[in-house]
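Subject: A structure for you to look at

Hi there,

Here is the structure I promised to pass on to you. Please open it beside this email and follow along as you read.

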Amino acid sequence: MSTYPLEIVTPDRKFFEGDVELTIVRTAEGDVGVMYNHEALVAPIKIGAIKVKRDGQVRVAACGGGFITVEEEGTTTIITDSAEWEDEIDVDRAKAALERAKARLKENKEIDVVRARASMDRAMNR
């Protein structure tokens, strides 16, 4: 299977860089799979999973939303607020964040509902 270069960047680090066979991200229009020789693309990505297939193995990362660009020559770049491989996730911390977000929404006081829902979405994704 042909490969292409993928780079995933967060504000604090280069999360991933290497040649891959397939990348799947959740965009505003639905899931998009990128393979070698994909057409040029720029799309916002939603909070969700990034699936990366490399050397026949699939790794999954939790993604905090951002953008994906695929250039004509195949180079793919994902710029995201946050990314964590599934084996890096602190499940107890994610569960606690989910409970805090649910509690904030339930209180229904003058909070930023959009922010609380985004926090809940990120926790659920993790």
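Of the contacts in the protein chain with a separation of 6 or more, 48% are between residues 24 or more positions apart; contact here means heavy atoms within 4.5 Å. Please keep in mind that this is a predicted model, in which local features need pLDDT of at least 70 and side-chain atom pairs count only at pLDDT 80 or more, while totals for chains, interfaces and linings use all residues. Residues are numbered from 1 along each chain as its sequence is written, and side-chain values use heavy atoms, with hydrogens and water left out.

Next, the overall layout. The protein chain has two helices and eight strands, and from the N terminus on the order is β-β-β-β-β-β-β-β-α-α. These elements are DSSP runs numbered from the N terminus: helices are H or I with at least four residues, strands are E with at least two. The chain has 126 residues, and 33% of them are buried. Buried means under 20% relative accessible area, exposed means over 50%, and partly exposed is in between (1.4 Å probe, protein chains only). The chain exposes about 8,000 Å², with carbon and sulfur atoms supplying 47% of that; such areas come from the Shrake-Rupley method with a 1.4 Å probe, and for residues only the protein chains shown count as cover.

Now to the inside. In soluble globular proteins, nonpolar side chains tend to be buried together. Here the largest nonpolar core has 20 residues, and Ile8, Phe16, Val52, Ile68 and Ile78 are those with the most contacts inside it. Strands S1 (4-10), S2 (13-20), S4 (30-35), S5 (41-54), S6 (57-70) and S8 (83-85) each supply at least two residues of this core. By nonpolar core I mean a set of buried Ala, Val, Leu, Ile, Met, Phe, Trp, Tyr and Cys residues joined through side-chain atoms within 4.5 Å. Leaving aside residues up to four places away in sequence, Ile8 touches Lys14, Phe15, Phe16, Ile50, Val52, Ile78 and Thr80.

How many salt bridges are there? The count comes to three, where a salt bridge is a side-chain nitrogen of Lys or Arg within 4 Å of a carboxyl oxygen of Asp or Glu. Glu7, Lys14 and Glu17 are linked in a network: Lys14 meets Glu7 at 3.0 Å, N to O, and the closest N and O atoms of Lys14 and Glu17 are 3.5 Å apart. Lys14 counts as partly exposed because its relative accessibility is 46%. Glu7 is partly exposed at 22%, whereas Glu17 is exposed at 52%. Asp31 and Arg26 also form a salt bridge (2.6 Å, N to O), and Arg26 is partly exposed with a relative accessible area of 41%.

Finally, have a look at two loops. Most residues other than glycine have a negative phi. Asn37, in the loop between S4 and S5, has a positive phi near 70 degrees. Its relative accessibility is 61%, so Asn37 counts as exposed. Asp55 is in the loop between S5 and S6 and has a positive phi of about 55 degrees. At 68% relative accessibility, Asp55 counts as exposed.

Happy exploring!
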